[in-house]
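Biologist: I would like to learn how to read helix packing and strand pairing in a model, one feature at a time.

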Amino acid sequence: MSDLRQPPEPQSAPVVDQPAVDGNDGDKQSSPVGRLAATVERLRREVRAAQAEADGRALIELAKGILVERLGCGPAQASRQLAELTAQAGVTPLEFAVEVINQASRDHVSEVTSAFLAATADPPEGHSSAVRLRTAESGALAAQDTQAVADSLLEHALTPLGAEAVAIWALGADGSLSLAGSAGFSTAEAGRWRHVPPGVTTVARRGLAERTGQWIRSLSETGLPSIGQHHHSDGGRVAVPAETGGRIQGVLEIAWAAPLEPPPPPIVRQVEALAELCAHTLETYGLHHPDDAPLPRVLPDVSELMDLADGLHDPALVLVPHLDPDGHLVDFRIHHVNSRFLDPAGRPRGAVSGALLLEAYPMAAGQSELFERMERVYATGEPFRAHRMRLTALVDDVPLAAVADINISRHGGSVLLIWRIEDETARLASLLQHAQRLGRIGGFEENLLTGEITWNGQLYHLYGRPPSDPAVRLEDLPAHAHPDDAVGIGRFLRTLLHQRRPASTAFRLQRPDGVTRHIRVVAEPVLDSAGQLYVVRGAYQDISAHHWTEVALAATRDQLAHSEQQASERNRLTLQLQHAIMPPTRAPLEVPGLDVAVRYRPAETQHLVGGDWYDAVVLPSRLVLLCVGDVAGHGIEAATSMVVLRNALRGLAVTGAGPGQLLSWLNMVAHHLTGAVTATAVCGLYDPENNTLRWARAGHLPPVLVRGSDAAPLPLVKGLLLGAVPEATYDEHEVQLAVDDTLLMYTDGLIERRDRSVEESLAQFLTVARAVPPTLDQQLDRLLTHSRSDTDDDTCIVGIRVA
């Protein structure tokens with residue numbers, strides 16, 4: 001790390017400023033122009049070296065002064081002592097001087113440098129960083145304006161961190177930002193950014209949003225405008241508020257050429273220390289002007305603010321900041337309360353004036369966030385206004401709440417707090433006003449003796465008339481209404497004016513802007529002591545939304561009745577179709593040595609009509625086709641799909657193919673049906689000659705074999721549900737039946753329950769199936785009776801018993 005007393009060469013130095021290194025350059029140097037350039041470069045080096053030496057000498061002399069005070073010795077002895085201690089520490093005199101200054105000052109800069117030394121593995125690097133920071137501070141304190149401070153910060157503290165430019169912004173009382181000083185940016189660029197009006201979002205203004213500032217990786221990623229945005233668009237930016245004594249004086253903005261990675265904490269604290277240094281400078285010198293003549297800010301005196309508060313008609317408090325020994329804002333002292341002041345707790349003015357704000361009103365730091373708002377106003381100068389803020393005061397440890405309009409503003413170094421506590425009358429008036437607005441109600445009063453008519457603002461709005469227009473008399477109401485409503489309005493006026501009874505009517509108001517509104521008017525007569533009518537008062541209400549809602553509801557009711565009738569007719573036709581094809585019982589099938597019975601139980605609700613189906617038929621080959629199936633869904637689509645699949649399977653079975661092939665063909669039929677039909681099925685072919693059953697399944701539960709006192713499902717052979725894919729193969733299984741064996745095929749509507757799994761429901765079904773009644777019909781009826789299903793789905797059962 002190079003010694004800061006010998007700063008590095010600036011990267012932007014022109015080629016002609018470099019010393020000669022070859023013969024051609026020697027020729028240039030021998031020329032008049034070359035000799036002049038070499039002289040300028042030499043003088044520039046000497047000036048920089050002298051400036052760096054002066055900065056270092058200032059720090060060394062400051063360290064000598066500290067030793068004189070601590071050791072109680074003379075300057076010469078302090079100089080010798082400094083040299084001896086420097087030699088013992090093995091560091092440069094400037095580095096040791098900075099260490100002495102840090103130990104003696106114990107300020108923010110010393111804390112930052114100590115943290116940086118602790119976090120740096122390389123001691124020379126840590127000492128050099130501490131020297132840079134103290135050198136920058138020394139240069140800033142010796143500067144006569146903010147521009148010189150910017151130059152010192154960039155040269156001594158920020159360039160070693162890789163920064164290319166710096167801007168110091170001063171925060172105005174109106175929230176504007178003014179460029180107080182800059183370094184690394186061109187003069188033209190600084191001129192374009194000399195003033196940023198309030199409300200314009202820039203990188204510097206974004207830095208005011210948080211006390212930790214904004215650390216931006218790349219300026220181009222944010223899209224925010226800022227000084228030097230065209231030359232440093234891809235680089236990182238840092239904007240840190242410059243705060244001192246709880247008050248933000250401005251913003252320190254730093255620009256990098258490359259994207260900025262997350263910095264370590266010591267670097268963050270170093271930048272915050274530089275921002276605090278800028279705050280002290282802004283507070284001392286204010287803005288830098290081109291003529292190098294700093295102009296002090298004109299700040300109103302506290303006495304002027306007290307006079308302003310006394311001239312207000314609302315309660316007001318003049319607050320001055322209360323700082324701790326470290327200069328941090330901890331509270332505000334109530335310096336003055338005006339004559340209009342009304343304490344929420346009922347205390348006199350003298351009990352509040354002179355006290356600290358949080359002592360007098362500890363709840364200001366609570367949920368109302370009043371104290372935080374005041375801190376923000378004092379820090380940034382931006383005023384704060386709130387309507388109906390909730391304030392809480394403690395009276396004998398009991399919290400009392402009040403609602404007030406709040407206005408907080410900063411005037412110089414003081415804060416003016418104005419609150420207008422809402423009394424009961426104003427609250428009720430506001431409540432009535434909002435109720436009339438929400439209900440679209442306008443009130444009126446008409447004096448029949450004087451002809452004076454009083455309307456509120458909402459009534460003018462309902463009529464679509466400006467408040468400057470004359471109000472409409474009740475007797476002239478027909479002229480402003482639809483002609484078809486004249487009869488109803490006439491009845492309303494007769495009841496009100498002649499019969500002297502309260503009355504109401506609804507009519508269509510035709511406004512001057514061509515808009516027609518549906519209005520209801522309600523009025524009552526007011527009689528004097530002699531029983532004579534002299535005042536009529538009442539209200540108009542816009543019921544257009546209610547009227548059109550009733551119209552829409554009537555149309556919806558008609559449409560709903562029509563839809564219900566259509567749905568009922570559709571379900572009735574679906575149920576008739578299903579019962580015609582699938583009767584609950586059918587005639588017994590005549591097969592020698594075999595009893596065949598079927599049962600079908602339709603859904604209990606018509607809208608759940610499903611696609612369950614069964615079939616039992618003797619084929620030309622003398623084999624018996626047995627099958628059950630279930631089409632997904634409900635309604636007429638499921639019923640018609642069931643008819644197609646059932647009839648298709650009957651037609652395919654006469655080919656003599658096995659059950660696996662039959663299901664493969666039936667899968668193609670289901671896949672090509674309109675509407676992407678899916679279904680499950682079990683298909684079996686029973687041979688009466690040898691009592692064997694070949695069967696296959698398509699996503700369906702396997703049949704149940706009841707033999708003696710045992711009941712168990714057949715093996716779960718492979719088979720995908722119908723219609724899922726264009727082509728599928730289905731495995732077959734053959735079972736040998738004996739005399740008195742019973743085989744049951746069923747759909748899931750027999751066992752499905754909402755509160756238990758299929759396995760539990762199947763176990764319950766097998767328990768019921770083990771009890772074999774004398775006849776097959778009795779057994780199927782018993783299974784339906786003891787079915788625990790609660791899904792209201794269709795149910796089919798096909799049973800065969802070998803005789």
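The dialogue that follows takes up confidence, then a helix pair, then a sheet.

Biologist: What is the mean pLDDT of the protein chain?

Modeller: This is a predicted model, in which local features need pLDDT of at least 70 and side-chain atom pairs count only at pLDDT 80 or more, while totals for chains, interfaces and linings use all residues. Residues are numbered from 1 along each chain as its sequence is written, and side-chain values use heavy atoms, leaving out hydrogens and water. The pLDDT (the predictor's confidence in each residue, from 0 to 100) has a mean of 78 for the protein chain, with 73% of its residues at 70 or more.

Biologist: At what angle do the axes of H20 and H21 cross?

Modeller: Two packed helices are described by the angle between their axes and the distance between the axes. Here helix H20 (residues 636-653) and helix H21 (residues 659-671), both DSSP runs of H or I with at least four residues, have axes that come within 10 Å and cross at roughly 140°. Axes are lines fitted to C-alpha atoms, for helices over the stretch in contact, and angles run from 0 to 180 degrees between N-to-C directions.

Biologist: Which residues of H20 meet H21?

Modeller: Val644, Leu645, Ala648, Leu649, Leu652 and Ala653 of H20 meet H21 residues including Trp665, where contact means heavy atoms within 4.5 Å.

Biologist: What is the order of the strands in the open sheet?

Modeller: Strands of a sheet pair through backbone hydrogen bonds, either parallel or antiparallel. The six strands (E, DSSP runs of at least two residues) have the order E3-E2-E1-E6-E5-E4 with antiparallel pairing, and two strands pair if DSSP finds at least two bridges between them. Six bridges join E1 (residues 163-171) to E2 (residues 177-183), and Ala167 has Ser182 in E2 as its bridge partner.
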